[in-house]
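Please read the following report alongside the sequence and the coordinates, which are shown here first.

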Amino acid sequence: MLLFWKTSFCLTPNFFSYMVAFGEVLVGLGLILGLLTGIAAFFGGLMNASFLFAGTVSTNPLLFILATWLVLAWKVAGWYGLDRWALPLLGTPWSRRRNVVKEEDTGA
């Protein structure tokens, strides 16, 4: 396992630093613009949890709690951002309408 870690992750720290920075920018844009707020908050919380497990302790516990609240409030989070228009176009699990065909409509 240690050999796998050394050969795959330790040789490419620059790649992972760019991935972290790119992920932080995407999470920040998603939260600021209000676009896919729940998904952005989930990945922000995932990054915060990763930083906590790595030993970084600053404001990360507070930010993790806030990200968790945002994920839980995603259903109503689409009122003030771009989610107001994006979520109806993409479809959400709580607004799906089931097309139930009644026996009377089929003529049977």
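With a relative accessible area of 49%, Phe 15 is classed as partly exposed, a class lying between buried (under 20% relative accessible area) and exposed (over 50%), with a 1.4 Å probe and protein chains only. This is a predicted model, in which local features need pLDDT of at least 70 and side-chain atom pairs count only at pLDDT 80 or more, while totals for chains, interfaces and linings use all residues. Residues are numbered from 1 along each chain as its sequence is written, and side-chain values use heavy atoms, with hydrogens and water left out.

The structure contains two aromatic pairs. The ring centres of Phe 15 and Phe 16 lie 5.5 Å apart with their planes at 75 degrees, so this pair is edge-to-face. For Phe 42 and Phe 43 the centres are 5.1 Å apart and the planes are at 75 degrees, so that pair is edge-to-face. Rings of Phe, Tyr and Trp (its six-membered ring) are paired if their centres lie within 6.5 Å, with planes under 30 degrees apart counted as stacked, over 60 as edge-to-face and the rest as tilted.

| Residue | Relative accessibility | Class |
|---|---|---|
| Phe 16 | 33% | partly exposed |
| Phe 42 | 44% | partly exposed |
| Phe 43 | 43% | partly exposed |

Helix H2 covers residues 13–33, where helices are DSSP runs (H or I, at least four residues) numbered from the N terminus. Its 21 residues should span 30 Å at 1.5 Å a residue, and this agrees with the 30 Å between its end C-alpha atoms; the expected span is 1.5 Å times one less than the number of residues. Gly 23, Val 27 and Gly 30 are buried in H2. Viewed down the axis of H2, its buried residues fall within an arc of 65 degrees, so they line one face of the helix; the arc is taken from the directions from the helix axis to the C-beta atoms. The face turned away from this buried side carries the exposed residues Asn 14, Tyr 18, Phe 22 and Ile 32.

A nonpolar patch on the surface is formed by Val 25, Leu 29, Ile 32, Leu 33, Leu 35, Leu 82 and Trp 85, which together have about 710 Å² of accessible area. H2 gives the most to this patch, with four residues. Leu 33 is placed in H2 and is partly exposed, at 44% relative accessible area.

Leu 36 is found in the loop between H2 and helix H3 (37–54), and has a positive phi of about 55 degrees although it is not a glycine.

Technical notes:
Patches are made of residues with over 30% relative accessible area and no salt bridge: like charges are joined within 9 Å, nonpolar side chains (Val, Leu, Ile, Met, Phe, Trp, Tyr) within 5 Å. Accessible areas come from the Shrake-Rupley method with a 1.4 Å probe; for residues, only the protein chains shown count as cover. A salt bridge is a side-chain nitrogen of Lys or Arg within 4 Å of a carboxyl oxygen of Asp or Glu. Helices (H or I, at least four residues) and strands (E, at least two) are DSSP runs, numbered from the N terminus.
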